[in-house]
Amino acid sequence: MLRSLLFLLLCLGTVSAGAAGSYRAVVGLDSGWPRRCGSAVSIQGWDIQILRERVGDDVAARVEVRPPAGGGALPVLARLEIGQFRPAVLLVPNEGLLTLPGFEADARLDWATLLRNFMFFGGTLVLGQVGGDIEIPFTGPAPRDVTAQYLNCSGDLAAPLRGGS
């Protein structure tokens, strides 16, 4: 009986990890120093990325959603609803991606909370379609190695520029 219960708990843990297994860390290096840090999740062919990247002396943030290959036209409007984060992030088509329009939005969003909630609570990608929205949910939390890679990368990204970087 105890052996069966332990096996069931192990299986449930595997299912939970598999649902979050589509998360991955996004790390871009330049001469060994982080230039882009974030997290991404792939769900039903859609690839959702929330990133911070160094642009000159500044660190800018962006949200990108890449559609499935051969998925047809992008919706005119979409939103990314992140668990325990308000408001939803509105996305518009831009060069084959759904993106948050304009970097001026950075000042209005708490990027640290957005990214943390994205990795821990998951959310829903809502695609505006004629006849009704399509909702594509994804669950958190992201695996520990993904959150650790992001935290390590973002600490170096936010640090003052170092010799040659």
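Which residues are linked in a network of salt bridges? In this predicted model, the network is made up of Arg36, Glu53, Arg62 and Glu64. One of its contacts joins arginine 62 to glutamate 64, with the closest N and O atoms 2.8 Å apart. Glutamate 64 has a relative accessibility of 15% and therefore counts as buried, the limit being under 20%. Over the whole structure, the search returns seven salt bridges.

Arginine 79 takes part in two further contacts of this kind, one with glutamate 81 and one with aspartate 133. The N to O distance is 2.7 Å for the pair of glutamate 81 and arginine 79, and 3.5 Å for the pair of aspartate 133 and arginine 79. The three side chains concerned are partly exposed: the relative accessible area is 26% for arginine 79, 27% for glutamate 81 and 44% for aspartate 133.

Aromatic contacts were examined next. A pair of aromatic rings is described by the distance of the centres and the angle of the planes. The count comes to three aromatic pairs. In one of them, tyrosine 23 and phenylalanine 138 are arranged edge-to-face, with 6.5 Å from centre to centre and 65° between the planes. This pair links distant parts of the chain, since tyrosine 23 lies in strand 1 (residues 23–30) and phenylalanine 138 in strand 9 (residues 134–138), 115 residues apart. Tyrosine 23 counts as buried because its relative accessibility is 4%, and phenylalanine 138 counts as buried because its value is 5%.

Phenylalanine 138 also pairs with phenylalanine 118; the ring centres are 5.6 Å apart and the planes stand at 65°, so this pair is edge-to-face. An angle over 60 degrees is what the edge-to-face class requires. Here too distant parts of the chain are linked, with phenylalanine 118 in helix 2 and phenylalanine 138 in strand 9, 20 residues apart. Both phenylalanine 118 and phenylalanine 138 are buried. Through such ring pairs, Tyr23, Phe118 and Phe138 are joined into a cluster.

Helix 2 spans residues 111–121, and its buried residues are Trp111, Thr113, Leu114, Leu115, Asn117, Phe118 and Met119. After the helix comes glycine 122, which has a positive phi near 75°.

Rolling a probe the size of a water molecule over the atoms shows where empty space is left. The largest pocket has a volume of about 200 Å³ and a lining of 13 residues. Nearest the centre of this pocket lie Ala112, Leu115, Tyr150, Leu151 and Ser154. Helix 2 and helix 3 (144–158) are the elements that give two or more residues to the lining. The largest share, six residues, is supplied by helix 3. Sorted by class, the lining consists of nine nonpolar, two polar and two charged residues.

Key. Residues are numbered from 1 along each chain as its sequence is written. This is a predicted model: local features need pLDDT of at least 70, side-chain atom pairs count only at pLDDT 80 or more; totals for chains, interfaces and linings use all residues. Side-chain values use heavy atoms; hydrogens and water are left out. Buried means under 20% relative accessible area, exposed over 50%, partly exposed in between (1.4 Å probe, protein chains only). Helices (H or I, at least four residues) and strands (E, at least two) are DSSP runs, numbered from the N terminus. Rings of Phe, Tyr and Trp (its six-membered ring) pair if their centres lie within 6.5 Å; planes under 30 degrees apart count as stacked, over 60 as edge-to-face and the rest as tilted. On a 1 Å grid over the protein atoms alone, a cavity is a set of points where a 1.4 Å probe fits but cannot get out, and a pocket is an open set with protein on both sides within 12 Å along at least five of seven lines; lining residues have an atom within 4 Å of a point. Grid points are joined across faces, edges and corners, and a volume is the space filled by probe spheres set on the points. Ala, Val, Leu, Ile, Met, Phe, Trp, Tyr, Cys and Pro count as nonpolar, Asp, Glu, Lys and Arg as charged, and the others, Gly among them, as polar. A salt bridge is a side-chain nitrogen of Lys or Arg within 4 Å of a carboxyl oxygen of Asp or Glu.
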